[in-house]
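Entries follow in the order I checked them.

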Amino acid sequence: MAQSEYVFQRVEDQRELERLRMIELVFDPASRRRLLGAGLQSGWHCLEVGPGAGSIMTWMSEVVGPTGQVVAVDLDPKFLSEAERSNVTVVRADLRTAHLSPQSFDVVHARYVLIHISDYEAALTKMFDCLKPGGWLVLEEPDFSASRGITGDAQELASLRKVNQAIEQMYATLKMDYALGLKLPALMQRRGLQHLIVENDAPFCAGGSGMALVMKMSAEQLREKYLATGVVGQSDLERYCRFADDPNTWAIYYATIAVSGRKAVE
């Protein structure tokens, strides 16, 4: 993807690393479970798209061992230097134009990547083409349309709704879909992937929980972009962050749609 497309481009590095590590803390257990469910094992060749701070990339390298290989593709792999291992290759590239051998990976995984690419179909096609026959594609993408405040101060609940509207508007301006996760099953089905495993994970979270903190950190990093939509004001963002910190509030911040599918054996 062009760097200008990525909404978290040009944010403060240390705070972004903290946000990525919080995402890992909250979402890695489910990602690992899904990858193991796809059969991840010793000797496999894996493609990790958009590895972020590198935790899944590193974990996969441990699972596949010295006879396996992990290739990680990222536009800006600035947080990966400490995570590199002998069976890991980090490629700085746009996935859509990266030089990757076709039909060379046993599994391809991406989490929260396609939502940042306006022509996600091209990226998905590249992932599919990289898979060996019989290989697995494991994708996890958000559905922000699932956002719903449940319990809290009326003004804060109103601000939560406005922030979600700002998220929708921000992505729409970039010609991206803030509910892209909902399209995954059909997108993978149309490419002939088989044995689809579909999950809709929409945690009901108290303020101060991991997911609430992830969304607070995102709001802090994307403050100017949210304000630029004209949907929210500074007071809305302040109330949103207070809501996300308050253990007496409850909300669904977004859903993660996860789909795993196997490429047909030719």
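Before the first entry, a definition: an axis here is a line fitted to C-alpha atoms, for helices over the stretch in contact, and angles run from 0 to 180 degrees between N-to-C directions. I note that the model is predicted.

Entry: α6 and α8.
I looked up helix α6, residues 210–221, against helix α8, residues 234–245. Their axes come within 9 Å. They cross at roughly 160 degrees. Angles over 145 degrees count as roughly antiparallel. I therefore put α6 and α8 down as roughly antiparallel to each other. I then checked the hand, and α6 passes α8 in a left-handed crossing. On the α6 side, I listed Ala212, Leu213, Met215, Lys216, Ala219 and Glu220 as making the contact. From α8 come Tyr240, Cys241, Ala244 and Asp245. Sorted by class, this contact of α6 with α8 has seven nonpolar residues, three charged ones and no polar ones.

Entry: α1 and α2.
Next I took helix α1 (residues 13–37) with helix α2 (residues 55–64). Their axes lie 10 Å apart, and the packing angle is about 35 degrees. I recorded the crossing of α1 and α2 as right-handed. In α1, I found Glu24, Asp28, Ser31, Arg32, Leu35 and Leu36. They meet Ser55, Ile56, Trp59 and Met60 in α2.

What is the strand order in the open sheet of seven strands? I read β3-β2-β1-β4-β5-β10-β7, with mixed pairing. β3 (88–92) and β7 (194–201) stand at the edges. Each has a single partner strand, so one side of each is left without a neighbour in the sheet. Neighbouring strands of this sheet are turned against each other by 15 degrees on average, direction ignored.

I followed strand β5 (residues 131–143) along strand β10 (residues 255–262). The two pair in the antiparallel sense over eight bridges. Which residue in β10 is the bridge partner of tryptophan 136? I found arginine 262.

Entry: helices on the sheet.
I came back to α1, which packs on the sheet and touches β4 (105–111), β5, β7 and β10. The direction of α1 makes about 150 degrees with that of β4. α2 also packs on the sheet, touching β1 (45–49), β2 (69–74), β3 and β4. I noted about 165 degrees between the direction of α2 and that of β2.

Terms used:
Residues are numbered from 1 along each chain as its sequence is written. This is a predicted model: local features need pLDDT of at least 70, side-chain atom pairs count only at pLDDT 80 or more; totals for chains, interfaces and linings use all residues. Side-chain values use heavy atoms; hydrogens and water are left out. Helices (H or I, at least four residues) and strands (E, at least two) are DSSP runs, numbered from the N terminus. Angles under 35 degrees count as roughly parallel, over 145 as roughly antiparallel, 65 to 115 as roughly perpendicular and the rest as oblique. A crossing is left-handed if the near helix is turned anticlockwise from the far one by less than a right angle, and right-handed if clockwise. Contact means heavy atoms within 4.5 Å. Ala, Val, Leu, Ile, Met, Phe, Trp, Tyr, Cys and Pro count as nonpolar, Asp, Glu, Lys and Arg as charged, and the others, Gly among them, as polar. Two strands pair if DSSP finds at least two bridges between them.
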